[in-house]
Amino acid sequence: MISSQNITNTSKFHFGMFIADEEEMLIEELMKNLKTRGDPGFIAGVLRLIKKKLKNFSEKLQTGISKDLCKDGKVIFGPFLSTRLGVCLGINNVKSKACTYNCIYCKSGNTSCCSICCNTCLNAWNLASCVRRKISDLQKEGVSIDCVAFMPDGEASLDSNIGQKIQLIKGLGVKTAVFTNASLLWNYNVQQNLLSADNVIVKIDTVNAETWGKINRPHLRLNLDLILESVREFASQFRGELTTETVIVDGYNDDFEEIKNLGEYFASLNTVASDFSFVDNSKIVGKKVTDPMIHLNLTDMIKRRIPGAVILGCQQANYYQAAAS
Ligand code: SF4
């Protein structure tokens, strides 16, 4: 049987770390009175105090966790400006380079784990807590966040809890966006997860399986036809804004046939836009930097063949923006 003395000792043992001296004395006093008078009012008083202290402790712990996880900008980065999404915070929600593809132009280098298994970093509550804190810190500096974008150094949909994360972040009053290579959209749970986002940006570099194998170097269990069909299915259900994103790589997906087939496929998706960019060839081993005129001609062809095509510029190549306007 637990005596009052034991209750006092147990309470001190568990809560002594965060109960201030003054409050500890108060509890001792209450316990002493409880023993001598057996007054139920004292029990209620002690319980109320312990409950209050536990709540404070939990909040302090949460803030501590957020501080740790937010540091270095590893999980949350930004803010940065996106022409379509506004002022954004970026979320790195999977382990670095965990991806179902191993694209030849990937800025993250070779994928360390070409996996289709779940490979997440943070649970939904910790992430939402970090984001809330970051948004509030930025608000104090006069910066207002429009959108939180899941855009990790890997494949965002590998995170099987991304749906819950999206819901919690939407609850903070901001829009959400997910950048995905779409390779797992045939999976029912992945589709359901992404349906809750406000914006989904799907990477589709080609609709030709051979070219896909060469550029995106997918996981062996993936199938391009299945992926393209699942993107169509997703597009028919999605109530947010769907955008496609294509990287053109010289010598792989830059001919008339490739662009024509992409255009026909994109026309079946009802997207708000189709973004195109050209890979910086100097980043690919054994490739020479491309003559800008080749990209100018390609830009013309893309604009003519694909309605809603947007050619994204880069700092080193203003001519893309000039040609697209
Ligand atoms: S899909 Fe993105 S993260 Fe994955 S390998 Fe390709 S470029 Fe890298």
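These notebook entries record what I looked up in the predicted model of this protein chain and its ligand.

**Entry 1. Ground rules**

I number residues from 1 along each chain as its sequence is written.

**Entry 2. The chain overall**

I looked up the secondary structure and found 11 helices and 10 strands in the protein chain. Helices (H or I, at least four residues) and strands (E, at least two) are DSSP runs, numbered from the N terminus. I then looked up burial: of the 325 residues, 31% are buried. A residue is buried if 20 or more other C-beta atoms lie within 10 Å of its own, exposed if 12 or fewer, and partly exposed in between, with C-beta atoms placed from the backbone. For contacts with a separation of 6 or more, I noted that 70% link residues 24 or more positions apart. Two residues are in contact if their C-beta atoms, placed from the backbone, lie within 7 Å.

**Entry 3**

I began with β1 (residues 76-82) and β2 (residues 86-91), which pair in the antiparallel sense over five bridges. Two strands pair if DSSP finds at least two bridges between them. A hairpin of three residues connects β1 to β2. I noted two facing pairs here: F77 is opposite G90 in β2, and S82 has G86 of β2 as its bridge partner. P79 also belongs to β1, and a cis peptide bond with omega of about 10° joins G78 to P79.

I followed β2 onward to β5, with which it pairs in the parallel sense over four bridges; L89 is opposite V148 in β5. From β5 I went on to β6, which runs parallel to β5 and is joined to it by four bridges. In that pairing, F150 faces V178 of β6.

Which residues of β5 are buried on its two faces? I found C147 and A149 buried on one side, and V148 and F150 buried on the other. In a regular strand the side chains alternate between the two faces of the sheet.

**Entry 3. The nonpolar core**

I looked up the largest nonpolar core and found 64 residues in it, of which V131, V148, A149 and V200 touch the most other members. Such a core is a set of buried Ala, Val, Leu, Ile, Met, Phe, Trp, Tyr and Cys residues joined through C-beta atoms within 7 Å. Helix α4 supplies the largest share of this core, five residues. I then listed the contacts of A149 beyond four places in sequence: L85, C88, G90, I91, A177 and F179.

**Entry 4. Helix α5**

I noted that I162, G163, K165, I166 and I169 are buried in α5 (residues 162-170). They lie on the same side of α5 because they cover an arc of only 160° around the axis; the arc is that of the directions from the helix axis to the C-beta atoms. Their cover includes α4 (124-140), β5 (147-150), β6 (175-180) and α6 (188-195).

**Entry 5. The ligand shell**

Which of the 11 residues around the ligand come nearest? I found these to be C99, Y101, C103, C106 and N181. A residue is near a molecule or strand if its C-beta atom, placed from the backbone, lies within 6 Å of it. The shell divides into four nonpolar, five polar and two charged residues.

Beyond four places in sequence, I listed C103, I104, D205, T206, V249, Y252 and N253 as contacts of I215. I215 and N102 are 113 residues apart along the chain, yet their C-alpha atoms are separated by 8.3 Å.

R221 is in the loop between α7 (209-215) and α8 (224-237). R221 is exposed, because it has 8 other C-beta atoms within 10 Å. I noted that R221 and T100 are 121 residues apart in sequence and 9.6 Å apart in space, C-alpha to C-alpha.

R217 lies in the loop between α7 and α8 and has a positive phi of about 40° although it is not a glycine. R217 counts as partly exposed, because it has 15 C-beta neighbours inside 10 Å.

Key. Predicted model: local features only at pLDDT ≥ 70, side-chain atom pairs only at ≥ 80, totals over all residues. Nonpolar A, V, L, I, M, F, W, Y, C, P; charged D, E, K, R; others polar.
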